[in-house]
Amino acid sequence: MLQYVWKQRLFDDSDLTMSNGRKIAVIDPGTQNTDAGPDFFNAKIKIGDTLWAGNVEIHERASDWAAHRHDKDRAYDSVILHVVNIDDAEVLTSDNKAIAKAVLRVPEKIEKNIEWLLSRDTPVPCANRLKDIAPIYISDWMTALITERLERKTKEIYARLEFSGKDWNEAFYITLMRNFGFSVNGDAFEYLAKSLPYKIILKHRNNPLQVEALLFGQARLLDDEKAEPEPYYLSLVQEYDFLRKKYDLAPVEFSQYKSLRMRPDNFPYIRIAQAAAMFIKNDLLFSQILETEDIDRLRNYFNVEPTEFWRTHYHFRFASPPKNKSIGKNSANIVLINTVVPILFAYGKAKSKPEFCDRAMRLLEQLPAENNSITRLFAEAGVKSDNAVDSQALVQLRREYCDRKKCLYCRIGFRVIGK
């Protein structure tokens, strides 16, 4: 809290008391250091009539200086001020020179606001205060949040790129499969993709049964002893047994797919069948996406319908009334948001081609906002989403700040604390 109040300058000079009684004024609190060494670099402090420039260290107690062995570390000899909450010891440099100390009294209203935020057991702690924040501050923060989110997804894609030996087609395939599992089965679908190289699927894309057999078999969904001995299922088992031996494949160990409280159209069986249809329809999908800017054409790549069996099934065991199981427009939009946009952004960063990063942002601006529990929650609090840029920014805000109680690092939290 002391570091936060110091960094954000949420105090008056009257809240600072020098241990020797001299007058002090903070001209510049400095730049926070997140690595080893003093907490703040290049601060400017006026003590009496003298202006000091240097580093600032902040502790709860003055005695923490020696407890952390700063008095033996020459890296701390450049400290011009030690800011503490409790002054209980002298502070010396490595050559036994005294360092100026100041006690910082956190303003009562700031302390109460911070405690109020951090103690709130609600999805968005400041929800009932959002209407008091000027829209310009929220808009600026959402602009930063969307960049944060794309940067985070870029790191994930780079990790998949390393896994696949710098093969962008493979990295895209893994990313796409993960997002076909949605948040509930994302890990399971990513494990599946990593266990089954995309190049093997490409070799068999002219044989729909074999593509399905590879995906269902690697997902361990052909091990169901209770499945109906139906010709389609038996053919998949037979094909997979042959292909598994041919390519020396090992099915994924992780096979706990979740379907509870899930709409049947999102069952893992349907999503895998749709993925198979997509790989059968499209050849090198990543290359097509790099070359295509039209949003309707992009959606069309994912506009597929599984084979006939899935028209009357959601599961190998149970039949269902006939229904078209194609990927709807809403699901296609989600694939564009979570797969196509991040891969374009990551490719642009990796290849130093900003035009792909710009295209990714334009695509988000064209796509409608997601309608999910997060966007609905913020809408109730007065923050609405006009497009996918806004909804993705709010997802980043909720998951990386609200859920983690990082209110002190949130620009909205800063405004709430300062009121």
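1. By class, how many nonpolar, polar and charged residues does the lining of the second largest pocket have? The lining has 10 nonpolar, three polar and four charged residues, where Ala, Val, Leu, Ile, Met, Phe, Trp, Tyr, Cys and Pro count as nonpolar, Asp, Glu, Lys and Arg as charged, and the others, Gly among them, as polar.

2. Please keep in mind that this is a predicted model, in which local features need pLDDT of at least 70 and side-chain atom pairs count only at pLDDT 80 or more, while totals for chains, interfaces and linings use all residues. Residues are numbered from 1 along each chain as its sequence is written, and side-chain values use heavy atoms, with hydrogens and water left out.

3. Helices α13 (residues 329-350) and α14 (residues 354-366) have axes that come within 6 Å and cross at roughly 160°, the axes being lines fitted to C-alpha atoms over the stretch in contact, with angles from 0 to 180 degrees between N-to-C directions. The two helices (DSSP runs of H or I, at least four residues, numbered from the N terminus) are therefore roughly antiparallel to each other, a word used for angles over 145 degrees. The residues of their contact (heavy atoms within 4.5 Å) divide into 12 nonpolar, one polar and two charged.

4. For helix α15 (residues 373-380) and helix α16 (residues 388-402), the axes come within 9 Å and cross at roughly 90°, which makes α15 roughly perpendicular to α16, the range for that word being 65 to 115 degrees. Ile-374, Thr-375, Leu-377 and Phe-378 are the α15 residues that meet α16, where their partners include Ser-391, Leu-394 and Cys-402.

How values were computed
Parallel < 35°, antiparallel > 145°, perpendicular 65-115°, else oblique.
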